[in-house]
Amino acid sequence: VLVVIASLSTEASILEKGFSFFPTEWTLDGYRYISTFGDQIIRAYGVTLFETVVGSLWTVFICSMFGYVLSRKTFRLRKFLTVFLLITMLFRGGGLSEFIIKSNYYQLRNNLLVLILPGVGAYTCFVMRTFIQSNVHESLIESAKLDGAGEFYIYTRIVLPLIKPVLAALGFMEAIGHWNQWQTSLLYMSNPKLATLQQILMKIQNSMDYFKQNMSLSTELAK
C-alpha cells in the first residue's frame, strides 16, 4: 500500500515527509510517464516472468541432477567433475570472453535462451551434493537398485522428493537473482521487445537522472 501511495505522491511531498501514508500533494505524473512506453512495460513483465520461472526451474533441475551425480561414490568421473566444477567457481574467463562466445559462437544475441543458459552454478551444485549425501542414505539407493531401479528413476522418484527443502530454498534464491538481473539483458538484448523489466527500469532511472542533472545545470546557468 505504501508503495502505491508513494507512486501517487509528488517529489516535493516525499522530500518533505518521506514515504508517508498521508502525502501533502498527490500527482499522476509518474503514471503518465510510464504510459509513454506503451506496451513495452507489459512485454518486459512477460520476459522477466519467463526468465524467472523457466530459468529457476532449469537451474534447480540441472544442479540437483549434477549434485546427485557428484554424491554417487561409485561414479568414475566424480572426482574429475568435482575438481572441474571447483575450478569454474574459483576462476572466470572474464566478461569479454563470455560475451564473444555467447554472441559469435552460440549466436545468443536477442535470444531468450541467453537469460537462462547455462544455468549451472558451482555453489548450487555443491550445496545439492552435500544435502543429498546428508539426507539420502546409501542403503535406500542400494535397495532401489536391487529392485531393478535405474539411476534416473532413483533420482526422480526417490532423491527429488527427499530434497524438497533445499530445492525450495535454492529455487527461491535463483528466482530472486533472475528477477533482479539486468546486465545480461543490457548486453545481449538490442531488440526492445526482448528487454527485461529491470532493463526498462534502469533506462527510466537513467533518463530521470539525466533530466534532473540538466535541470540543475540550467538553473545554475540562469543564476
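## The largest pocket

A pocket here is an open set of grid points with protein on both sides within 12 Å along at least five of seven lines. With that in hand, let's look at this predicted model. Its largest pocket has a volume of about 1200 Å³. The lining takes in 36 residues, and R92, E98, K102, P118 and V120 are the ones nearest the centre.

The largest share belongs to α6, which gives five residues. Sorted by class, the lining has 17 nonpolar, 14 polar and five charged residues.

You'll find K102 in helix α6, which covers residues 95-105. Is K102 buried or exposed? Its relative accessibility is 12%, and the cut-off for buried is under 20%, so K102 counts as buried.

Who does K102 touch? Leaving aside residues up to four places away in sequence, its contacts are Q107, L108, R109, V114, L117, P118 and Y188.

## The loop between α6 and α7

Another of those contacts of K102, Q107, sits in the loop between α6 and α7. Q107 has a relative accessibility of 54%, so it counts as exposed. Its backbone has something to notice too: phi is near 55°, a positive value in a residue other than glycine.

N110 is found in the loop between α6 and α7 as well. It isn't a glycine either, yet its phi is positive, at about 55°. How accessible is N110? The value is 32%, so N110 counts as partly exposed.

## Helix α7 and its partners

Two packed helices are described by the angle between their axes and the distance between the axes. Start with α7 (residues 122-135) and α10 (residues 164-180): they pack at about 170°, with axes 10 Å apart. Angles over 145 degrees count as roughly antiparallel, so that is the label for α7 and α10. On the α7 side, the contact uses Y123, T124, V127, M128 and F131, and these meet P165, V166, L167, L170, M173 and E174 of α10. By class, that contact has nine nonpolar residues, one polar and one charged.

Now for α5 and α7. Their axes come within 9 Å and cross at roughly 140°, which makes α5 oblique to α7. Helix α5 brings R78, T82, L85, L86, T88 and M89 to this contact, while α7 brings A122, Y123, C125, F126, R129 and Q133. The classes here come to seven nonpolar, three polar and two charged residues. Y123 turns up in the contact with α5 and in the contact with α10.

Last stop: G46, in helix α4, which runs over residues 40-71. G46 has a relative accessible area of 38%, so it is partly exposed. What separates G46 from A195 in sequence and in space? The two are 149 residues apart along the chain, and their C-alpha atoms are 9.7 Å apart.

Terms used: Residues are numbered from 1 along each chain as its sequence is written. This is a predicted model: local features need pLDDT of at least 70, side-chain atom pairs count only at pLDDT 80 or more; totals for chains, interfaces and linings use all residues. Side-chain values use heavy atoms; hydrogens and water are left out. Helices (H or I, at least four residues) and strands (E, at least two) are DSSP runs, numbered from the N terminus. Buried means under 20% relative accessible area, exposed over 50%, partly exposed in between (1.4 Å probe, protein chains only). Contact means heavy atoms within 4.5 Å. Axes are lines fitted to C-alpha atoms, for helices over the stretch in contact, and angles run from 0 to 180 degrees between N-to-C directions. Angles under 35 degrees count as roughly parallel, over 145 as roughly antiparallel, 65 to 115 as roughly perpendicular and the rest as oblique. Ala, Val, Leu, Ile, Met, Phe, Trp, Tyr, Cys and Pro count as nonpolar, Asp, Glu, Lys and Arg as charged, and the others, Gly among them, as polar. On a 1 Å grid over the protein atoms alone, a cavity is a set of points where a 1.4 Å probe fits but cannot get out, and a pocket is an open set with protein on both sides within 12 Å along at least five of seven lines; lining residues have an atom within 4 Å of a point. Grid points are joined across faces, edges and corners, and a volume is the space filled by probe spheres set on the points.
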